[in-house]
Amino acid sequence: MSEKYLLSSVKNAMKILRLFTHKQKELGITEISKKLNISKSSAHRLVSLLVKEGFLSKNPRTNKYRLGLSILTLGGVIFSNHELYKEALPIVKRLVHTLNESAHICLLEEDQVVYLFRIESSQPDRLLTYIGRKNPIHCTSEGLCILAYQNKRTIEKVLSKKLYAYTPYTITDPDILKNELKKIKKQGFAISKDQFYVGYVGIAAPIRDYSGKVVSSLSMIGSTARMTDDRFPVFIEHITQAAKSISEHLGYIDGK
C-alpha cells in the first residue's frame, strides 16, 4: 500500500467522523459516499474499519451508522485533561453561582466559534450552546471577543465571507464590524444584544495563554429581561475579572 493511498484513506476516515453532527446523528453508506464524493465500496471499507475500532456503530433498526463509544472515550479524555478546562472550571462555577446566568468557554475554529464547555445556571433558558456546538463569530459576543484580538489576515478572512443576518439587529456590514472589533479590543470585552437571538444578550471577555495570546473567551448569555442594560457594568466587572483569573492560571502575567 502506497503512502499516498494510506494518507488519503486516513483523511477520508476523519472526514467521515466529521459528517456526524447533532442534526445528523446517523448516516448510511450511500449518504456518506455522496457527501465525500467517494465510491460506495470505499465508503463501506472505511466505515467497516471505523466500526471495528469502535469509532462508529451500526443501528440495527435503521441499518445506518452513528458515532461509537471510542469517540466518547477520547472526548472525555480530552475534555477532562484540557488545561484550559481544568484551570477554568472552578472559576466559571463561582461566576455562575454569583450571577446565576449560564457561562461558556469558547474557542475559534476557522470561521466559527466552538463551545468547549458550559456551566448552566438555575434559569430555565434552553439556548443552543451545548458543548461542541459551532456558532457564527460575527453576531456572538464570544466569537467577536476572540476575533478582535486576532491578526489582520484572520479578521479579513472572517469578514470577507457572507455574513448572515440571524435577526433584524445582526450587524452584517464588514466596515461596521471592523470598528466594533477595534472597540472591543480597546475596552476589553464584547456585548452582543439581540444579534443572534432576539431577547438574549451575551457578554464576553478574552482569555489569554502564558504568551499573552487570546486563545478563547469567557461569556455569559441570558435573557435581556434579566441581563438589563443597567446591570451590564456588574456583569462586565465579574466576567472580565474571571477571564483575567483564568488567564493568570494559564501563566499569563499582565504587564500593565
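## Exercises on a predicted model

The face of helix 7 turned away from its buried side carries the exposed residues Arg153 and Lys157. The model used throughout these exercises is predicted. Its protein chain holds nine helices and eight strands, and buried residues make up 44% of its 256 residues.

### Exercise 1. The two faces of helix 7

Task: find which residues of helix 7 are buried, explain why they lie on the same side of the helix, and state what covers them.

Solution. 

Step 1. Helix 7 spans residues 152–159, and its buried residues are Ile155, Val158 and Leu159.

Step 2. These residues cover an arc of only 90° around the axis, so they sit on the same side of helix 7. The general rule behind such a pattern is that an α-helix has 3.6 residues a turn, so residues three or four places apart point the same way.

Step 3. Look for the cover over the buried residues. It includes helix 6 (141–147) and helix 8 (174–187).

Step 4. Turn to the face directed away from the buried side. Arg153 and Lys157 are carried there, and they are exposed.

Step 5. Glu110 and Val158 are 48 residues apart in sequence, while their C-alpha atoms are 8.3 Å apart. Glu110 is located in the loop between strand 3 and strand 4. With a relative accessibility of 69%, Glu110 counts as exposed.

### Exercise 2. The order of the strands

Task: give the order of the six strands in the open sheet, then work through the pairings of strand 7 with strand 6 and with strand 8.

Solution. 

Step 1. The order in the open sheet is 5-4-3-8-7-6, with antiparallel pairing. Its edge strands are strand 5 (134–136) and strand 6 (190–193), each of which pairs on one side only. On average, neighbouring strands are turned by 35° against each other, direction ignored.

Step 2. Take strand 6 and strand 7. Four bridges join these antiparallel strands, and the bridge partner of Lys193 in strand 7 is Val201. The two strands form a hairpin with six residues between them, and Asp194 in the turn has a positive phi of about 65°.

Step 3. Take strand 7 and strand 8. This antiparallel pair is joined by nine bridges. Ile203 has Met220 of strand 8 as its bridge partner, and Ala205 stands opposite Leu218 in strand 8. This hairpin has five residues between its strands, and Gly212 in the turn has a positive phi of about 95°.

Step 4. Consider the cover of strand 7. Seven of its nine residues are buried. Helix 9 lies across strand 3, strand 6, strand 7 and strand 8, and runs at about 30° to strand 7.

### Exercise 3. The nonpolar cores

Task: identify which residues of the largest nonpolar core touch the most other members, and which elements give two or more residues to it.

Solution. 

Step 1. The largest nonpolar core has 28 residues, of which Val92, Ile105, Leu218 and Ile246 touch the most other members.

Step 2. The elements giving two or more residues to this core are helix 5 (83–99), strand 3 (102–109), strand 4 (112–119), strand 7 (200–208), strand 8 (214–223) and helix 9 (232–249).

Step 3. Another core, of 17 residues, lies apart from it, with Cys145, Tyr149, Leu163 and Leu177 among its members.

Step 4. Pro90 is placed in helix 5 and counts as partly exposed, at 39% relative accessibility. Pro90 and Ile246 are 156 residues apart in sequence and 9.6 Å apart in space, C-alpha to C-alpha.

Step 5. Among contacts between residues at least 6 apart in sequence, 57% join residues at least 24 apart.

Terms used: Residues numbered from 1 in each chain as written. Predicted model: local features only at pLDDT ≥ 70, side-chain atom pairs only at ≥ 80, totals over all residues. Heavy atoms only, no water. Buried < 20%, exposed > 50% of the residue type's maximum accessible area, 1.4 Å probe, protein only. Arc of directions from axis to C-beta. Contact = heavy atoms within 4.5 Å. Core = buried A, V, L, I, M, F, W, Y, C linked by side-chain atoms within 4.5 Å. Pairing = 2+ DSSP bridges. Axes fitted to C-alpha atoms, helices over the stretch in contact; angles between N-to-C directions.
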